[in-house]
Amino acid sequence: MTKPDELLVDVATLVESGQSNQMSLTVVTGGAVITGRLAPEKVWRQRVSDVLNDSARLAEFSAVFDTPPKNDEPPTHLHFHVARILQGTVGIPETGGMYRVAIADVNAWTMGDFSYSEH
């Protein structure tokens with residue numbers, strides 16, 4: 001089992017404590033590059049729950065995300081919103097998505113998010 005990067009855990013802890021969603025981060029995990037903004041787990045769960053609740057076919061799953069996160073231990077996951085998986089010259093999805101990434105699975109990371117330009 002891989003030991004999580006302590007510095008990345010510290011970043012996640014600050015996001016959780018400040019209830020901020022303005023920290024941009026890019027990570028490499030499992031060969032994928034994910035770039036976007038971090039959100040506190042509570043905020044991320046609520047947004048996912050809202051999206052599921054608005055779906056006629058998936059509303060029953062929204063309750064799973066209403067469970068409050070455990071706050072007594074350091075964060076084990078990063079919660080991205082407005083995030084994209086970079087593939088070639090595009091980010092998928094273009095509008096950004098919601099991703100949960102285990103900190104222990106992050107191979108590399110940098111502050112800020114990446115985007116491509118045709119210029």
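Helices (H or I, at least four residues) and strands (E, at least two) are DSSP runs, numbered from the N terminus. The model is predicted: local features need pLDDT of at least 70, side-chain atom pairs count only at pLDDT 80 or more, and totals for chains, interfaces and linings use all residues. Residues are numbered from 1 along each chain as its sequence is written, and side-chain values use heavy atoms, with hydrogens and water left out.

**Figure 1. The protein chain with its two helices and five strands.** In sequence order the pattern is α-β-β-α-β-β-β. The radius of gyration is 15 Å, close to the 14 Å that the globule rule gives for 119 residues, so the protein chain is as compact as a globular protein of that length. The radius of gyration is taken over C-alpha atoms, and the globule rule is 2.2 Å times the number of residues to the power 0.38. Along the principal axes, the C-alpha atoms fill a box of roughly 40 × 35 × 30 Å. Contact means heavy atoms within 4.5 Å. Among the contacts with a separation of 6 or more, 62% are between residues 24 or more positions apart.

**Figure 2. Surface and charge of the protein chain.** The protein chain exposes about 7700 Å², of which carbon and sulfur atoms supply 55%. Accessible areas come from the Shrake-Rupley method with a 1.4 Å probe; for residues, only the protein chains shown count as cover. Buried residues make up 35% of the 119 residues, where buried means under 20% relative accessible area, exposed over 50%, and partly exposed in between (1.4 Å probe, protein chains only). There are 9 positive and 15 negative side chains, and the centres of the two sets lie 3 Å apart. Lys and Arg count as positive and Asp and Glu as negative, while His and the chain ends are not counted. Each charge is placed at NZ of Lys, CZ of Arg, CG of Asp or CD of Glu.

**Figure 3. The largest nonpolar core, with 16 residues.** A nonpolar core is a set of buried Ala, Val, Leu, Ile, Met, Phe, Trp, Tyr and Cys residues joined through side-chain atoms within 4.5 Å. The members that touch the most other members are Leu25, Val27, Ile34, Leu38, Leu78 and Phe80. At least two residues of this core come from each of α1 (6-18), β1 (24-29), β2 (32-38), β3 (77-87) and β4 (90-102). Helix α1 supplies the largest share, five residues. Beyond its neighbours within four places in sequence, Phe80 is in contact with Leu25, Val27, Ile34, Gly36, Arg37, Leu38, Trp44, Gly97, Met98, Tyr99 and Val101.

**Figure 4. Arg47 and Leu52 in helix α2.** Helix α2 spans residues 41-53. Arg47 is partly exposed because its relative accessibility is 31%, whereas Leu52, at 15%, is buried. Not counting residues up to four places away in sequence, Arg47 touches Asn21, His81 and Met98. With neighbours within four places again left aside, Leu52 is in contact with Leu58, Ala59, Phe61, Ser62 and Phe65. For Leu52 and Phe65, 13 residues apart in sequence, the C-alpha separation is 9.3 Å.

**Figure 5. Ser24 in strand β1 and Ala39 in the loop between β2 and α2.** Ser24 counts as buried at 18% relative accessibility. Its contacts, leaving aside neighbours within four places in sequence, are Gly36, Arg37, Met111, Gly112 and Asp113. Ala39 is buried, with a relative accessible area of 2%. The C-alpha atoms of Ala39 and Gly112 are separated by 14 Å, and these residues are 73 apart along the chain.

**Figure 6. Val82 and Ile85 in strand β3.** Val82 has a phi near 50°, a positive value in a residue other than glycine. Most residues other than glycine have a negative phi. Val82 is partly exposed, with a relative accessible area of 37%. Ile85 also counts as partly exposed, at 27% relative accessibility. Not counting residues up to four places away in sequence, Ile85 touches Ala32, Val33, Ile34, Val90, Gly91, Ile92 and Tyr99. Ile85 and Thr26 are 59 residues apart in sequence and 9.7 Å apart in space, C-alpha to C-alpha.
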